Amino acid sequence: MTSALTLTAPIPATAQESQPRTAVSITGADKVFSLARGKKLQALEAVDLQIDEGEFVAIIGPSGCGKSTVLRLAAGLDTPTHGTVEIFGDTPRTLSAQHRLGVAFQEHALLPWASVRENIALPYKVAGRKVDDARVDGLIELVGLVGFEKARPKQLSGGMRQRVSIARALVLSPDLLLLDEPFGALDAVTRRKMNSELARIWAEERITTILVTHDVDEALILADRVIVMSGRPGRVRTSVDVDFARPRTGAHTRSPEFHTLVDELTALLDAPEGT
Amino acid sequence: MNATIRPSTKIAYAVGGALLLVVLAQLIGQFELAGKSWPPLTEVLAYASSLTGASLIWRNLLVTLSAAAQGFVLGTAVAVIGATMALVVPLLRPGLDRFAAILNAVPTIALAPLLITTAGREGTPAVIAALSVGFVMFVSMTSGFANTSPAHQDLLTVFGSSRMRRLTLLELPRAVPAFFDGLALAAPAAILGATIGEWFGAPQGIGLLLVSAMQNYQMALMWSAALAATVVSLFAYLAFVQIQRMAVRRFA
């Protein structure tokens with residue numbers, strides 16, 4: 001499908017301080033999967049989503065609500081049945097062809113035969129560019145894997161593998177970072193540790209980011225805005241701005257305001273359909 | 001079941017089984033239970049280690065091995081290229097799959113006259129070896145390529161990989177263990193293929209030795225030749241299994 005090459009997303013100016021550029025614009029996106037024997041599954045219904053440049057947006061929702069499908073649309077791995085997906089005014093495919101997308105999945109998807117260093121340098125090879133050793137070294141340091149450059153994925157812990165995966169996503173300084181439950185397979189303690197590390201890394205790079213998660217705390221620790229989705233078919237239920245100052249330390253996460261918001265969002269996840 | 005068996009027990013089983021087979025072969029020959037065409041093993045070994053026997057078998061074994069090696073390389077190269085083509089150009093996939101299956105289904109005997117007229121009597125053993133190797137390698141490589149995980153494929157898609165880079169950065173390295181898996185199976189197949197190819201009038205080789213020994217009722221020679229081919233096949237298999245294990249450790 002060729003999404004209409006309209007002007008660069010004529011978004012009405014939202015009531016925000018300045019007027020940042022729109023990074024991601026998903027409008028009226030339906031996604032229907034054809035199953036066996038002519039059955040159809042509607043994964044998404046009329047999803048509208050606008051994300052500004054430099055914004056960190058978390059998408060939360062019950063499992064099977066289509067939040068990963070939204071991410072796959074943004075990544076160009078799926079196309080919407082109806083509606084359009086534009087990233088910086090272009091199709092996601094265009095963006096990935098220009099090597100401007102970064103991605104990290106729940107399954108770390110590291111190459112088992114390659115070392116940490118080689119895995120992080122992979123996007124350079126995919127793009128056919130010369131590996132920038134200084135950049136790779138910098139990221140290895142940033143994600144705290146100095147001394148493990150030559151290790152292979154199977155020699156690393158789950159948390160370390162995810163750090164490699166995130167470093168790999170960041171290495172080309174992408175314009176859009178897509179994170180699909182990157183810490184979903186980790187234990188609670190490692191997960192929180194990785195959350196604060198990601199917050200620190202993000203503070204340095206400030207890349208427009210979409211994080212898909214089912215962990216409300218994680219969303220609130222990391223995001224500027226939380227999108228709550230409801231399931232079957234997946235719809236955007238509400239969008240909540242998160243105004244806690246950064247860096248969000250333990251003091252923040254223990255605060256009553258934080259807990260109130262956690263409870264509020266958790267209630268939205270649990271509540272039956274119909275807003 | 002295997003997990004509960006200790007390594008020492010496993011070795012004991014292997015040695016015991018081999019010993020049983022050797023003793024059985026010896027006894028059948030000794031008491032002529034299978035007629036005169038089954039000589040005792042000691043007689044076969046005595047012939048194989050005699051000066052005339054050993055040099056005859058050695059000379060012909062080298063010819064067979066050379067044909068097998070040529071077929072091995074040729075079959076592997078063609079199969080890897082074919083499987084890669086089937087992967088990169090999906091349009092070719094069904095055709096190549098069926099072509100490989102049909103080629104494998106045609107009995108060697110039926111192909112022999114065709115091969116003798118095209119590849120010649122001396123070339124036929126290598127071609128038949130290549131055919132046997134080719135099918136095994138094609139199937140191994142195809143399944144090795146099919147083995148890439150969707151997450152890896154998605155990753156390269158999002159990073160904007162070209163088809164060629166997807167092949168060189170993901171699919172080929174991923175298929176390395178399957179490649180060596182295939183080689184371990186293909187090595188004995190190459191030796192068997194070359195030996196059979198020599199039946200159709202090759203001037204030298206283990207296959208020729210087998211045919212002429214059978215026709216002249218030289219049972220000790222026939223069994224020695226068969227034994228030599230078997231031992232070499234077995235060693236080729238074991239050698240490639242070792243390499244395959246290394247490849248799995250490195251790539252998986």
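User: A residue is called buried if 20 or more other C-beta atoms lie within 10 Å of its own, exposed if 12 or fewer do, and partly exposed in between, with the C-beta atoms placed from the backbone. How many residues of β3(A) are buried?

Analyst: This is a predicted model, in which local features need pLDDT of at least 70 and side-chain atom pairs count only at pLDDT 80 or more, while totals for chains, interfaces and linings use all residues. Residues are numbered from 1 along each chain as its sequence is written, and chains are lettered from A and ligands numbered from 1 in the order in which they are written. Strands (E, at least two residues) and helices (H or I, at least four) are DSSP runs numbered from the N terminus. On this basis β3(A) is mostly covered, and the number of its five residues that are buried is five.

User: Which residues point one way from β3(A), and which the other way?

Analyst: In a regular strand the side chains alternate between the two faces of the sheet. In β3(A), A:Phe56, A:Ala58 and A:Ile60 point one way, and the residues that point the other way are A:Val57 and A:Ile59.

User: In what order do the strands of the sheet in chain A stand?

Analyst: Two strands are said to pair if DSSP finds at least two bridges between them. By that rule six strands of chain A form an open sheet with mixed pairing. Because β5 (101–104) and β9 (235–241) each have a single partner strand, they stand at the edges, and one side of each is left without a neighbour in the sheet. The order is β5-β6-β7-β3-β8-β9.

User: How many bridges join β3(A) to β8(A), and over how many does β3(A) pair with β7(A)?

Analyst: Strand β3 (residues 56–60) of chain A runs parallel to β8 (residues 225–230) of chain A, and it also pairs in the parallel sense with β7 (residues 208–213) of chain A. On the β8(A) side, A:Val57 stands opposite A:Arg225 and A:Ile59 stands opposite A:Ile227, whereas in β7(A) the bridge partner of A:Phe56 is A:Thr209. The bridges to β8(A) number four, and those to β7(A) number five.

User: Which element gives the largest share of the side of chain B that touches chain A?

Analyst: Two residues are in contact if their C-beta atoms, placed from the backbone, lie within 7 Å, and in this sense 16 residues of chain B are in contact with 18 residues of chain A. The elements of chain B that give two or more residues to this side are α7 (150–158), α8 (163–174) and α11 (219–251). The largest share, seven residues, comes from α7(B).

User: How do the residues on that side of chain B divide into nonpolar, polar and charged?

Analyst: Ala, Val, Leu, Ile, Met, Phe, Trp, Tyr, Cys and Pro count as nonpolar, Asp, Glu, Lys and Arg as charged, and the others, Gly among them, as polar. The side of chain B that touches chain A then divides into nine nonpolar, four polar and three charged.

User: How many residues of α5(B) are buried, and how many of α6(B)?

Analyst: Helix α5 (residues 108–118) of chain B lies largely in the open, because of its 11 residues the number buried is one. This helix is followed by B:Gly120, whose phi is positive, near 85°. By contrast α6(B), with 26 residues, is mostly covered, and its buried residues number 20.

User: Which residues does B:Arg174 touch?

Analyst: B:Arg174 lies in helix α8 of chain B and counts as buried because it has 21 C-beta neighbours inside 10 Å. Not counting residues up to four places away in sequence, B:Arg174 touches B:Gly144, B:Asn147 and B:Thr148.

User: Are A:His99 and B:Tyr217 buried or exposed?

Analyst: A:His99, in the loop between α2 (92–97) and β5 of chain A, has a positive phi of about 60° although it is not a glycine. B:Tyr217, in the loop between α10 (206–215) and α11 of chain B, also has a positive phi, near 55°. A:His99 has 20 other C-beta atoms within 10 Å and is therefore buried, while B:Tyr217, with 10 such neighbours inside 10 Å, counts as exposed.
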